[in-house]
Amino acid sequence: MHRPLCRALFCITLAFGCAHAVADTPAAALAQNAIGAYEAGRHDEAARLFERAARAGNRLAQFNYAMMLYRNEAQSRDANAAWRWLRRAAGAGLPQAQFTLARLYERGDGVPKSLPTAAEWYRRAAGQGHVEAQVSLASMYSVGHGVPLDAATAARWYLAAARAGHVGAQHIIASLYETGNGVAADRRLAAHWYLQAAQQGDAAAREKHTALMSQIDATTP
C-alpha cells in the first residue's frame, strides 16, 4: 500500500491550493503549515499540525494525517485513528480519500474485503472526476467484479477517463468502439482514441491506429 499512499499525499498537497479559498481559514492555514513541515522532513511537526487542522474540519488535513498514520510517519494512541480520519475525509466528499478507501475495501487491506463497498466509494470519487476511480469502477463493471456485469456502464466510465487523458482508458475505449462492446461500433471513433493513446507513447495503440486507418481507407469510396 505504500506507493499509492505516497502518491495520494502528493496529490493532496498539490490540490490544497485550489481549495484554500473556500476552506476554513484557520484550519487551512494549519494545513498549509503542515504541508511545509512535511516537505521539509519535519514529520512530527507536520503530524501535529495536520491533526489540529483535521479536528478543525479540514478534510485535506484529515486525509493527509490518515496517510501519515498508515505509513507510520505519525503515531496515535488510537489504533483506529488512520481509519477514522480517512473515513471522515471520504465522508466529507474528498475524492482522493474516497478512492483510497475504495482500494482498501477492494483489497481487504485493514478492513474486511467488500467489493460492493469498494464500488460505491469508487463511484463517489468517479462522479467527482477522479480519473483513477473512473478506471477502477469501469474495470469492475467490465468483468462483474463486485457489481453486475454491465458493458455499457464500463464503457461510460472508460470514456470519461479517456477524455481526461488516461492513456490506458483511451486504448480500452478505442478497442470497445472497434468491437462494439458496450458502445455502438464505430471504427473512426476507435481510430481517434487509438491515436490519442499513441500520442502519449502507447506503441500498441499506434499499431492499432495504423492498421485500422488502413482498413478504413480501403473501404472508403
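Colleague: What should I know about the model before reading values from it?

Modeller: The model is predicted, so local features need pLDDT of at least 70 and side-chain atom pairs count only at pLDDT 80 or more, while totals for chains, interfaces and linings use all residues. Residues are numbered from 1 along each chain as its sequence is written, and side-chain values use heavy atoms, with hydrogens and water left out.

Colleague: How many helices and strands are in the chain?

Modeller: Helices (H or I, at least four residues) and strands (E, at least two) are DSSP runs, numbered from the N terminus. The chain has twelve helices and zero strands.

Colleague: What percentage of the residues count as buried?

Modeller: Buried means under 20% relative accessible area, exposed means over 50%, and partly exposed is in between (1.4 Å probe, protein chains only). Of the 221 residues of the chain, 45% count as buried.

Colleague: And which share of the contacts joins residues at least 24 apart?

Modeller: A contact means heavy atoms within 4.5 Å. Taking contacts between residues at least 6 apart in sequence, 44% join residues at least 24 apart.

Colleague: What span should helix α3 have?

Modeller: The expected span of a helix is 1.5 Å times one less than its number of residues. For α3 (residues 43-55), with 13 residues, that gives 18 Å, and the end C-alpha atoms are 18 Å apart, which agrees. Its buried residues are A46, A47, L49, F50, A53 and A54, and they pack against α2 (25-39), α4 and α5. After α3 comes G57, with a positive phi near 100 degrees.

Colleague: Which residues does L30 touch?

Modeller: L30 is in helix α2 and is buried, at a relative accessible area of 17%. Not counting residues up to four places away in sequence, L30 touches L49, R52 and A53. L30 and E51 are 21 residues apart in sequence, with 9.2 Å between their C-alpha atoms.

Colleague: What is phi of N72?

Modeller: Most residues other than glycine have a negative phi. Phi of N72 is near 60 degrees, a positive value in a residue other than glycine. N72 sits in the loop between α4 and α5 and is exposed, with a relative accessible area of 62%.

Colleague: Is E73 buried or exposed?

Modeller: E73 is buried, with a relative accessible area of 16%. Its place is in the loop between α4 (59-70) and α5 (81-91).

Colleague: Which side chains make polar contacts with the side chain of E73?

Modeller: A polar contact is a pair of N or O atoms within 3.5 Å; within protein, one must be able to donate a hydrogen and the other to accept it, and residues adjacent in sequence count only if both atoms are side-chain atoms. The side chain of E73 makes such a contact with that of Y38 at 3.1 Å and with that of R71 at 2.9 Å. Leaving out residues up to four places away in sequence, E73 touches Y38, H43 and M68.

Colleague: At what angle do α8 and α9 pack?

Modeller: Two packed helices are described by the angle between their axes and the distance between the axes. Axes are lines fitted to C-alpha atoms, for helices over the stretch in contact, and angles run from 0 to 180 degrees between N-to-C directions. Helix α8 (residues 131-143) and α9 pack at about 160 degrees, with axes 8 Å apart. That makes α8 roughly antiparallel to α9, a term for angles over 145 degrees. Residues in this contact include V131, Q134 and V135 of α8 and T153, A154 and W157 of α9.

Colleague: How many residues has helix α11?

Modeller: Helix α11 (residues 187-198) has twelve residues and reaches 16 Å from its first C-alpha to its last, close to the 16 Å expected at 1.5 Å a residue. At its N-terminal end D186 is the cap, with a side-chain oxygen 3.1 Å from the backbone nitrogen of R188.

Colleague: Which residues of α11 are buried?

Modeller: They are A190, A191, W193, Y194, A197 and A198. Their cover includes α9 (151-163), α10 (167-179) and α12 (203-219). A198 has a relative accessible area of 5%. Leaving aside neighbours within four places in sequence, A198 is in contact with A205 and R206. The C-alpha atoms of A198 and H171, 27 residues apart along the chain, are separated by 8.5 Å.

Methods: Parallel < 35°, antiparallel > 145°, perpendicular 65-115°, else oblique.
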